[in-house]
Amino acid sequence: MGKTATGGSLSLKTSNKLKRKELYIEQKKATGKARHEERHRRRREEAKDPELRRQRLEQNRPTSIDKKRIWDDVDDDRLGAVVDVAQLKRRRLEEAEAAAAREADGLGEEEEELEDDDADSMLDSDEEDDDGDEDEEKAEKARRKREARTPSIAPSTTSTNLDLTPDSLTENFQHLFSDEVPPMPKVLVTTSLNATIHKEAEEIAALFPNSTYIRRSAHRYGHKYSVREIAKFAKNRGYTALVVISEDLKRPYSMSICHLNSEDAAPGPTLTYSIRGYMPSKSLLGHGNPTNHYPELLLNNFKTPLGLLVAKSMNTLFPARPELAGRQVVTLHNQRDYIFVRRHRYVFREARATEKNVVDAEGKEMKGMQGIRAGLQEIGPRMTLKLRRVDKGIGRAGSEGEDALKWEWKAKMEKKRTRFNL
């Protein structure tokens with residue numbers, strides 16, 4: 001046996017190379033054998049008691065930055081507040097119900113102090129009131145049943161619910177969050193002066209239905225129209241939004257979306273995004289070709305008041321009734337304040353022999369979906385957006401007043417990696 005170094009174990013510090021290799025192999029085999037036996041022992045125990053497997057999987061969930069996300073502990077739903085609108089509304093409803101219950105208890109104690117003879121004399125009228133209350137409760141239940149949406153077979157845990165829009169957003173952006181039926185979107189897309197990214201801009205414009213791309217040149221004998229002049233031109237011709245794409249190093253760099261509103265309202269707001277990771281359709285392997293059908297729109301993971309503003313802004317650029325025959329879907333997925341923009345075409349096909357059936361959130365097979373799978377083909381383009389600022393009017397120069405700048409991204413906002421704005 002070879003010599004060993006001072007203070008070291010035989011398997012790690014043996015000076016004989018061949019013996020060290022032999023001991024390492026033996027140690028590795030022993031470790032693998034113990035792991036293999038432990039795995040089989042656990043499998044036998046979990047076969048007898050499935051609750052053990054559920055508990056193990058529950059404990060083995062990996063922790064990510066998204067799961068460690070922190071929120072502001074305030075009862076505020078203004079634009080800059082980092083609060084979950086759904087949880088805030090749920091907490092307010094619980095507080096209101098608790099207050100109503102306390103008031104009802106107080107009224108019940110007062111009624112118990114009434115005299116018995118008065119209660120007997122009012123017996124008939126109380127029965128009539130009870131009948132009236134029952135009719136009102138039935139009508140209220142029927143109304144709630146009509147308003148309730150049919151739950152999806154596979155409900156999404158990240159979809160954005162625009163019905164949770166707080167009153168502060170509705171007051172500040174009345175035309176964007178109006179209760180009236182929104183008009184059919186008509187988008188004008190252009191670029192910055194002296195732009196060279198006309199092909200990229202046309203491809204981005206193809207994402208928005210009913211969009212028109214106009215080149216914005218600044219040649220020697222041309223008039224250099226400003227964004228405010230272009231917005232006035234577009235509003236007079238029935239456009240609902242103006243999209244300006246800027247470039248840097250001959251690549252799309254930023255995108256500003258200005259909502260033109262109705263004739264009796266001033267244009268605004270304007271949301272400015274930076275563009276990262278732009279990839280044209282021709283660079284995507286196996287990409288598909290788009291059609292003229294109105295796509296479906298998926299808005300995922302927008303939870304704060306600012307996130308709902310972004311989601312509503314994007315929602316107004318797409319028709320409310322998609323054409324399902326085209327099987328096209330545009331996805332805007334927010335994750336850590338980065339908005340991933342993707343466009344796909346989907347198709348339903350029969351599942352292969354090696355593929356498992358579709359399961360729900362609880363891991364159970366969905367009824368009616370046995371043997372069916374969905375295939376996706378990316379159409380493009382692919383890009384990532386990040387919100388930089390929100391202006392009241394047409395961009396930075398066209399906004400006036402103390403509240404001209406509604407929100408602006410600053411570097412100090414990312415000091416905490418677990419705090420997100422959208």
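**Salt bridges and a pocket**

I began with the salt bridges, and my count came to 17. A reminder to myself: this is a predicted model, and each value below is computed from it.

Entry one, helix 2 and its neighbour. I looked up Glu46 and found its side chain in a salt bridge with Arg56, at 2.6 Å from N to O. Glu46 sits in helix 2 and Arg56 in helix 3 (residues 50-59), so this pair ties together parts that are 10 residues apart in sequence. Is Glu46 buried or exposed? Glu46 counts as buried, because its relative accessibility is 12% and the cut-off for buried is under 20%. Arg56 has 25% relative accessibility, so I noted it as partly exposed.

I looked for linked pairs and found Glu38, Arg41 and Glu45 joined in a network of salt bridges. I also checked Arg42, which lies in helix 2 (residues 17-48). With a relative accessibility of 28%, Arg42 counts as partly exposed. I then took the C-alpha separation between Arg42 and Arg53: 8.7 Å, for two residues 11 apart along the chain.

Arg352 and Glu355 meet through their side chains in a salt bridge of 2.9 Å, N to O. Glu355 is partly exposed, at 21% relative accessible area.

The lining of the second largest pocket has 28 residues, and Ser256, Thr272, Arg389, Gly395 and Arg396 lie nearest the centre. Sorted by type, I had 11 nonpolar, 10 polar and 7 charged residues in this lining.

Entry five, back to a pair by way of the pocket. Arg389, one of the residues nearest the pocket centre, has a salt bridge between its side chain and that of Asp391, at 2.7 Å from N to O. How buried are the two partners? Arg389 is buried at 8% relative accessible area, and Asp391 is buried at 2%.

Technical notes. Residues numbered from 1 in each chain as written. Predicted model: local features only at pLDDT ≥ 70, side-chain atom pairs only at ≥ 80, totals over all residues. Heavy atoms only, no water. Helix = DSSP H or I, 4+ residues; strand = E, 2+ residues; numbered from the N terminus. Buried < 20%, exposed > 50% of the residue type's maximum accessible area, 1.4 Å probe, protein only. 1 Å grid on protein atoms, 1.4 Å probe; cavity = no way out; pocket = protein on both sides within 12 Å on 5 of 7 lines; lining within 4 Å. Nonpolar A, V, L, I, M, F, W, Y, C, P; charged D, E, K, R; others polar. Salt bridge = Lys/Arg side-chain N within 4 Å of Asp/Glu carboxyl O.
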